[in-house]
Amino acid sequence: SNKNNLVLSELKNTLKPKRYKHVLGVIDAAKKLSLKWNVDQEKAEIAALFHDFSKNMDFEDMTRYAAENEITFDKIESSNKELMHGRIARDIAYKKYFITDEDILNSIEYHTTGRRGMSKLEKLIFLADYIEPNRSFPGVDKLRDISFKNLDKALIDAIDGTIEHLIQMGEIIHPRTLEARNYLIEELS
Ligand code: DGI
Ligand code: FE
Ligand code: FE
Ligand code: FE
């Protein structure tokens with residue numbers, strides 16, 4: 001749509017070329033997953049379009065933006081810009097681009113960690129982010145395959161991959177990441 005193209009051109013101007021390419025890849029993956037899993041394709045596209053909107057912001061800008069817009073972060077989030085960029089992207093999508101659909105907004109906000117009770121759209125955006133065509137890591141093709149066979153299984157595998165990576169890097173695991181995994185395992189069984 002016209003509005004999506006406007007956002008795309010803004011992204012092209014603000015994101016690094018590689019990140020912009022990633023967003024196009026996530027849109028593509030989200031479209032395909034939405035067709036497979038009977039999720040509104042337009043909502044999936046819009047969520048994908050915005051999910052990394054604020055990825056280019058530096059830590060200080062994010063902290064200032066949050067203070068000015070009454071966004072609160074917990075202790076873990078407020079020391080890690082990776083854990084802030086989704087929440088800020090949500091705010092910009094809402095305030096600057098008048099996206100009001102809660103499911104789209106939640107999909108943007110929670111795309112990095114997932115969460116307990118995540119919707120189908122949220123799951124789909126999390127996975128699209130993980131398996132988009134420009135991603136390459138051992139096992140990505142297998143995960144792409146599973147994504148079109150068992151959405152929850154694919155999601156658990158993706159979260160496991162993230163957690164393993166975080167452990168290897170000595171990073172703090174946000175409780176939401178663990179809650180998302182536990183929730184999906186409970187849901188699947
Ligand atoms: O923005 P992207 O690079 O496309 O992907 P993303 O938003 O899913 O993840 C961004 C980064 O956040 C990635 O390096 C993994 C990291 N991350 C995800 N969950 C957690 C996390 N980092 C910490 N410290 N804790 C988490 O629970
Ligand atoms: Fe992201
Ligand atoms: Fe992700
Ligand atoms: Fe992303």
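Helix α3 covers residues 41-50, and its buried residues are Ala 44, Ile 46, Ala 47, Ala 48, Leu 49 and Phe 50. Buried means that 20 or more other C-beta atoms lie within 10 Å of the residue's own; exposed means 12 or fewer, partly exposed is in between, and C-beta atoms are placed from the backbone. Helices (H or I, at least four residues) and strands (E, at least two) are DSSP runs, numbered from the N terminus. The buried residues of α3 pack against α1 (2-14), α2 (17-36), α5 (85-95), α6 (102-109) and α7 (120-131). Contact here means C-beta atoms, placed from the backbone, within 7 Å.

This is a predicted model: local features need pLDDT of at least 70, side-chain atom pairs count only at pLDDT 80 or more, and totals for chains, interfaces and linings use all residues. Residues are numbered from 1 along each chain as its sequence is written, while chains are lettered from A and ligands numbered from 1 in the order in which they are written.

**Overall fold**

The protein has ten helices and zero strands. Its C-alpha trace spans about 45 × 40 × 30 Å along the principal axes. The radius of gyration is 16 Å, which agrees with the value near 16 Å for a compact globule of 189 residues. That radius is taken over C-alpha atoms, and the globule rule is 2.2 Å times the number of residues to the power 0.38. Of the 189 residues, 35% count as buried. Among contacts with a separation of 6 or more, 60% join residues 24 or more positions apart.

**Core**

The largest nonpolar core has 41 residues, and Ala 30, Ala 47, Leu 127 and Ala 128 have the most contacts inside it. Two or more residues come from each of α2, α3, α5, α6, α7, α9 (151-168) and α10 (175-188). Helix α7 gives the largest share, eight residues. Such a core is a set of buried Ala, Val, Leu, Ile, Met, Phe, Trp, Tyr and Cys residues joined through C-beta atoms within 7 Å.

Leaving aside neighbours within four places in sequence, Ala 30 is in contact with Ala 44, Glu 45, Ala 47, Ala 48, Leu 124, Ile 125 and Ala 128. Leu 124 belongs to helix α7. With the same exclusion, Leu 124 is in contact with Ala 30, Leu 33, Ser 34, Trp 37, Val 39 and Ala 44. Leu 124 and Leu 151 are 27 residues apart in sequence, yet 7.8 Å apart in space, C-alpha to C-alpha.

In α6, Ile 104, Asn 106, Ser 107, Ile 108 and Glu 109 are buried. They pack against α3, α5 and α7.

**Burial counts**

| Residue | C-beta neighbours within 10 Å | Class |
|---|---|---|
| Leu 124 | 28 | buried |
| Glu 70 | 7 | exposed |

Glu 70 is not a glycine but has a positive phi of about 55 degrees. It sits in the loop between α4 (59-68) and α5. Phi of Phe 98 is also positive, near 55 degrees. Phe 98 lies in the loop between α5 and α6.

**Ligand 1**

Of the 17 residues around ligand 1, Glu 82, Thr 112, Glu 171, His 174 and Thr 177 come nearest. A residue is near if its C-beta atom, placed from the backbone, lies within 6 Å. The shell has four nonpolar, eight polar and five charged residues. Ala, Val, Leu, Ile, Met, Phe, Trp, Tyr, Cys and Pro count as nonpolar, Asp, Glu, Lys and Arg as charged, and the others, Gly among them, as polar.

Conventions: Contact = placed C-beta atoms within 7 Å.
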